[in-house]
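Subject: Structure handover

Hello,

Please find the structure below, with my notes after it.

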Amino acid sequence: MVSKSQLKKISARVRKGQHDHQDMIILTQYRDSFLPVLAETILKAQQVLSDVSFGLLVSGRPKRIKSIVRKISRGDVDNVATVADLAGVRIIIQGKSEQA
C-alpha cells in the first residue's frame, strides 16, 4: 500500500521535474490499486444495462501514467491522491437515435 505521504512527496518531485523511475513504479502501483474497483464497476454497468434493447459496449481503462504526470506537472492537482479520474468507464451505444 502506498502512503499519502509517499504520494505527496512523489507529486512534489513530479512538479519540479525531479521524479525518477522508482517514483513511476510507485505511481503505477497506486493507480493499479484501483483496477479491482474499475473491473467491478464495468461488470455492474453491464449487468444494469443488460436489459436494453439496443447494442452497447461497456469498457474502461486506467489513466495513463504519462497523463497523471502531466496533470501534476501543470498544477491541475496538488497531489496524485486527489486525482479524481485515475480510471474511467465508457458506455458506447450503437447509434445516435439511442442516445438520450
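In which helix is the place of S11? S11 lies in helix α1; helices (H or I, at least four residues) and strands (E, at least two) are DSSP runs, numbered from the N terminus.

Some notes on the source come next. This is a predicted model, in which local features need pLDDT of at least 70 and side-chain atom pairs count only at pLDDT 80 or more, while totals for chains, interfaces and linings use all residues. Residues are numbered from 1 along each chain as its sequence is written, and side-chain values use heavy atoms, with hydrogens and water left out.

Helix α1

S11 is buried, because its relative accessible area is 0%. The cut-offs are under 20% relative accessible area for buried, over 50% for exposed, and in between for partly exposed (1.4 Å probe, protein chains only). Leaving aside neighbours within four places in sequence, S11 is in contact with I72, D78, N79 and V80; contact means heavy atoms within 4.5 Å.

I10 also has its place in helix α1. With a relative accessible area of 1%, I10 is buried. Not counting residues up to four places away in sequence, I10 touches D23, I26 and L27. I10 and D20 are ten residues apart in sequence, and their C-alpha atoms are 9.1 Å apart in space.

Helix α4

Helix α4 covers residues 65-74, and its buried residues are I65, S67, I68, V69, K71 and I72. These buried residues pack against α1 (4-16) and α2 (21-32). Just after α4, G75 takes a positive phi of about 85°.

Salt bridges

How many salt bridges does a search of the whole structure find? The search finds five, where a salt bridge is a side-chain nitrogen of Lys or Arg within 4 Å of a carboxyl oxygen of Asp or Glu. As background, side chains of opposite charge can pair when their charged atoms come close.

One of the bridges joins the side chains of D85 and K71 at 2.8 Å, N to O. That pair links distant parts of the chain, with D85 in the loop between α4 and β2 and K71 in helix α4, 14 residues apart. D85 counts as partly exposed because its relative accessible area is 31%, whereas K71 is buried at 16%.

R31 and D32 form another salt bridge through their side chains (2.9 Å, N to O). R31 is buried, with a relative accessible area of 13%, and D32 is partly exposed at 29% relative accessibility.

The side chains of D76 and R74 also meet in a salt bridge, at 2.5 Å, N to O. D76 is partly exposed at 47% relative accessibility, and R74 counts as exposed at 55%. Salt bridges that share partners join K63, K71 and D85 into one network.

Surface charge

Which residues gather in a patch of positive charge on the surface? They are R61, R64, K66, R70 and R90. Patches are made of residues with over 30% relative accessible area and no salt bridge, with like charges joined within 9 Å and nonpolar side chains (Val, Leu, Ile, Met, Phe, Trp, Tyr) within 5 Å. Lys and Arg count as positive and Asp and Glu as negative, with His and the chain ends not counted.

Regards

Conventions. Areas by Shrake-Rupley, 256 points an atom, 1.4 Å probe, with all protein chains shown as cover. Charge placed at Lys NZ, Arg CZ, Asp CG, Glu CD.
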